[in-house]
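Please consult the sequence and structure shown below.

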Amino acid sequence: MPDESNSSGPELFESHQATVGRFSVARSLPVVGRRMIGAWCFADHFGPADVSPESGLDVGPHPHTGLQTVTWITSGQVLHRDSLGSEQVIRPGEVNLMTAGQGITHAEEATGHYAGMLEGVQLWIAQTDATRHGEARFEHRDTLPRIAFSSFEGTVFAGAFEGQATGTTHDTPLVGLDAHVHGEAAVPLDPTFEYGVISLAGDLEIESRSVSTGTLAYLRPGRDEVTLRSSGAHVLLLGGQPFDEKILMWWNFVGRSADELDAAASQWTAQDDRFGRLTSDLPAFDAPEPYWRRGARPVTR
Ligand code: MN
């Protein structure tokens, strides 16, 4: 449950451990009590861990619908391949944005050449009802806006921050920012956005509250700045206008109803054309049994 010291201060949520491919990940979103930040609906921090040219993140072919995946690497390299025919090695300072729309299949594989540390974040953005039945799309940016204030510098990898835009396609106004904090920084915010600050490494103070690595600090809309203090924390700032559609998120799908997600899972199992074709040396994922078929109620936000 959120730890709220006062109504305007940050609400803190602990991440939980999960497994993706052969990596243990710290999942900061969704957590109990906070399912979205703007349109951001999923946040995993993976690594650091050693990888070889033959074995990396090793996430085999799997489908998505109704969401965008944002892959941001802070160390190492990953090969993205998808059913549109995209094949893109991603490195630190670059971003991969994949829009699933009605359906896509992708895999995250070893590069065949990179050995060393691998660390990064995998994020999802919910698509609006207006675009979620549309075509899939893949975007890559190798040049991204850099921002620098006193004691705070970073890279905008999604949306826009202080007028500096990535140029990637998004349905609703949002920002994804990777930054380092050296000292005390008053970071400007958009009052129409809600925000989450996640420390990827290093201890951090937000408005004089101590926030340990892996903790999500949630900030409600209405603020025009936040004060961060650290001797060198590496942080992620996610923000956006509150998403005003109720979503239902299950497995790799974002939809609006259990029936719709059931249909997507059945189509994946039947190898329906909806998700295109992607062959990989890695095994494809099987859809799990939906929890609502076992008697539980679907959780909408
Ligand atoms: Mn994926």
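## Pockets and metal site

The largest pocket holds about 730 Å³ of space, where a pocket is an open set of points on a 1 Å grid over the protein atoms alone, fitting a 1.4 Å probe, with protein on both sides within 12 Å along at least five of seven lines, and lining residues have an atom within 4 Å of a point. Volume is the space filled by probe spheres set on the points, which are joined across faces, edges and corners. This is a predicted model, in which local features need pLDDT of at least 70 and side-chain atom pairs pLDDT 80 or more, while totals for chains, interfaces and linings use all residues. Residues are numbered from 1 along each chain as its sequence is written, and side-chain values use heavy atoms, without hydrogens and water.

Nearest the centre of the largest pocket lie Arg-27, Phe-42, Trp-124, Trp-251 and Asn-252. Strand S3 supplies the largest share of its lining, 4 residues; strands are DSSP runs (E) of at least two residues, helices (H or I) of at least four. In the second largest pocket, helix H1 (residues 258-269) gives the most, 3 residues.

| Pocket | Volume | Lining residues |
|---|---|---|
| Largest | about 730 Å³ | 31 residues |

The manganese ion is coordinated through NE2 of His-62, His-64 and His-106, at 2.1 to 2.2 Å; donors are N, O and S atoms within 2.8 Å of the metal (3.2 Å for Na, K and Ca), and water is not among the atoms, so sites may look incomplete. Both His-62 and His-64 are buried, that is, under 20% relative accessible area (1.4 Å probe, protein chains only).

Methods. Buried means under 20% relative accessible area, exposed over 50%, partly exposed in between (1.4 Å probe, protein chains only).
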